[in-house]
Amino acid sequence: MTPEMILTNARVLTMDPARPRAEAVAVAAGRIASVGSRAEIEALAGPGTEVIDCNGATLLPGFVESHLHLVLGGAELAHLHLHGLDGEAALTRAFRDFAAKHPDRPLLMAQGGHYAMLDHPMTRHDLDRILADRPLAITSHDHHTVWANTAALRAAGLLHGASMPHGHEVVMGPDGTATGELREFEAFAPVIALGGEARLNLGIATGGEPSPWPSETEQAIDRAKVTRGLAHAARHGVTAMVNMDGNRYTLELLRGLQKEGGLTARVKVPFHFKPHMALSELDRADAMSRDFDDDWLSCRFVKMFMDGVVDSRTAYMLNDYPGHPGHRAEPLFPPARFNEIATEIDRRGHQIAVHAIGDGAVRTTIDGYEAAREANGRRDSRHRIEHIELIDRADVPRLGALGITASVQPVHAPGAMDFDMFPTLDVIGRNRWADAYLCRDLAAAGAHLAFASDWPVTDISVLRGIGAALTRPTYEGAADQRVPLMDVLRAYTAGGAWAAHMDRLTGTLRPGMAADLVVLSGDIETVAPAEISGMAVALTVCGGRVTHRG
Ligand SMILES: [Zn+2]
């Protein structure tokens, strides 16, 4: 077959151990037709072949984003981005400009807040000074806390408190009114709803479906947001992604785009299992997996949250938080219950991905996977743990031994990219830094690595992520957790594909695989690690189709 496209004069890193390097790639019918030398591949060109000269730049398999939130990220592209602004004056300026530009928005929503924006814990009164006459809210960069002003709390019905499921909290002040701090998804869902985005938040908040089912007009609004998210991902070289929240509605939106020809990446969407659910709700996971199962859209996995996050001390720890005697937070699933759930999900043939940040949550999750294996025998399950920000040393070798993927985000390590070292490292406590944000140690102990941004929690830029993984700081008393460039690239390509059960489709460049590839602006092997974040993605191709041209 005459190739439709030839990419030549490239430094091709195939991630295929049988042939790790090449100079050119030929693409036909959406697949890789051949990989080889310039002479070999250029000889295949026919009259209709587009020949792309890569000028000696790196050509890789398309990036696999192993943990992101596509729908939320797409929606947030239209919000105010605070980009680490600090202090009341800067916030006031940013919000008043944004308010003037968007006089009709029912909620002025900002992203990228952090826990030390002011020199004291932020309250609704601080936000009222910024803007009192319209509802406004700020989401923390980790997306586990929202701060809202009085107008937003009142409109959302939260000003005088609200009963919440375990782990979700409308923080109340001594005067019996809400302070403005809303912890975890269900606590801030009523505020998000003011902005018309409640139905997009269901995948992460409750795992439920919108009711009533959105009208065609509403779905078109939502598809446009997803389209912006997909275009943003394509600009950064992403050709496959594992969405880490979900429901059937998310899959239906994506299928709508697929039918219109607008699906520019392969997307896996989970069923989100919440603590209040009965095991029989897993029938919905079975149905989603049955109804969406092609090379572009699939489910076949269940997402759960075992705990919260470090900064708000909702991550479940094995030891007390420093300075907070008796406080370790709690697992969102009691261990015996989690064992039962994990065993049932595994029995149904689904993969499991659990958000576990504290060392207690990580242990509980590993124990559950082990229980599933004991009950069901060894399967090719590839269960995964998301984040692993702190782990007990005794648990490090258990990941490799049980075939568990460490789905980690090197960009989340404090000081590695956009997150400050403090207060996070103080919350963890100096005596635990040696076991925090591990990467190299997990890989050395045999864990599969998959890297990601958790966008919109952090910048989706894979090149910035690669740079962060190569340059992240070593905490005092801890071992260096940087991994070599080839291992970093593998974790963003073949490693991610394996962890997503997509390794027969994407993640390596060899004949027969999907033509998912990315060309960078230069040769990444000769660029200093600190300069990699300044590189760009020159070309993204997914399924043989150009999805971004820089
Ligand atoms: Zn996430």
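This is a predicted model: local features need pLDDT of at least 70, side-chain atom pairs count only at pLDDT 80 or more; totals for chains, interfaces and linings use all residues.

Residues are numbered from 1 along each chain as its sequence is written, and side-chain values use heavy atoms, with hydrogens and water left out.

**Exercise 1.** Find out how many cavities of 30 Å³ or more the structure has, and describe the second largest cavity.

*Solution.* 
- Step 1: A cavity is a set of points on a 1 Å grid over the protein atoms alone where a 1.4 Å probe fits but cannot get out. Searching the whole structure turns up three of 30 Å³ or more.
- Step 2: The second largest cavity has a volume of about 50 Å³, where volume is the space filled by probe spheres set on points joined across faces, edges and corners.
- Step 3: Its lining residues (those with an atom within 4 Å of a point) include Arg 199, Asp 245 and Tyr 249.
- Step 4: Helix H7 (198-205) and helix H9 (248-260) each supply at least two of the lining residues. Helices (H or I, at least four residues) and strands (E, at least two) are DSSP runs, numbered from the N terminus.
- Step 5: Sorted by class, this lining has four nonpolar, three polar and two charged residues. Here Ala, Val, Leu, Ile, Met, Phe, Trp, Tyr, Cys and Pro count as nonpolar, Asp, Glu, Lys and Arg as charged, and the others, Gly among them, as polar.

**Exercise 2.** Work out what lines the second largest pocket.

*Solution.* 
- Step 1: A pocket is an open set of points with protein on both sides within 12 Å along at least five of seven lines. This one holds about 870 Å³ of space.
- Step 2: Of its 41 lining residues, Glu 169, Arg 183, Ser 312, Arg 313 and Thr 314 lie nearest the centre.
- Step 3: Strand E13 (169-172), strand E14 (178-183) and helix H6 (185-194) give two or more residues each, and E14 has the largest share, with three.

**Exercise 3.** Which strands stand at the edges of the open sheet of four strands?

*Solution.* 
- Step 1: Write down the order, E5-E4-E1-E6, with mixed pairing. Two strands pair if DSSP finds at least two bridges between them.
- Step 2: Strand E5 (31-36) and strand E6 (50-53) are the edges; each has a single partner strand, so one side of each lacks a neighbour in the sheet.
- Step 3: Zoom in on strand E1 (residues 5-8), which pairs with E6 in the parallel sense over four bridges. Ile 6 has Val 51 in E6 as its bridge partner.
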